[in-house]
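Have a look at the model first, then read on.

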Amino acid sequence: MAIGSQREARMNRLKDEIRQYVELNPNCSAAAIVDHLCNEIKMRNHGLTARKVGFFIPRYCKDITYALDASTGKRLYILSEQ
């Protein structure tokens, strides 16, 4: 086992779960992603908030882009075409 392997495994799982959710639900907000992860997937020990997910996506999920909703000003995430 490598040093930090559990941390890396958690991050990889989080990336995969976010990517799958955004792929199935385009134009979703960070709050919707957190709701899915915490309530549907039961990832409760990760301390997820919409703010943390909003910072996590641009840093670690390069294939997910966003557009700003004109009426609310929220970021709506979509999977970018590759």
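Buried here means under 20% relative accessible area, with exposed over 50% and partly exposed in between (1.4 Å probe, protein chains only). Helices (H or I, at least four residues) and strands (E, at least two) are DSSP runs, numbered from the N terminus. Keep in mind that this is a predicted model: local features need pLDDT of at least 70, side-chain atom pairs count only at pLDDT 80 or more, and totals for chains, interfaces and linings use all residues. Residues are numbered from 1 along each chain as its sequence is written, and side-chain values use heavy atoms, leaving out hydrogens and water.

**Helix α2**

- Ala30, Ile33, Val34, Leu37 and Cys38 are the buried residues of α2, which spans residues 30-40.
- They sit on the same side of α2 because they cover an arc of only 115° around the axis, taken from the directions from the helix axis to the C-beta atoms.
- These buried residues pack against α1 (5-24), α3 (50-60) and β2 (75-79), where contact means heavy atoms within 4.5 Å.
- After α2 comes Lys42, with a positive phi near 65°.

**Pockets**

- A pocket is an open set of points on a 1 Å grid over the protein atoms alone, where a 1.4 Å probe fits, with protein on both sides within 12 Å along at least five of seven lines; lining residues have an atom within 4 Å of a point.
- The largest pocket holds about 290 Å³, a volume being the space filled by probe spheres set on the points, which are joined across faces, edges and corners.
- α1 and α3 are the elements that give two or more residues to the lining of the largest pocket.
- For the second largest pocket, the volume is about 190 Å³.
- α2, α3 and β2 each give two or more residues to the lining of the second largest pocket, and α3 gives the most, with 4.
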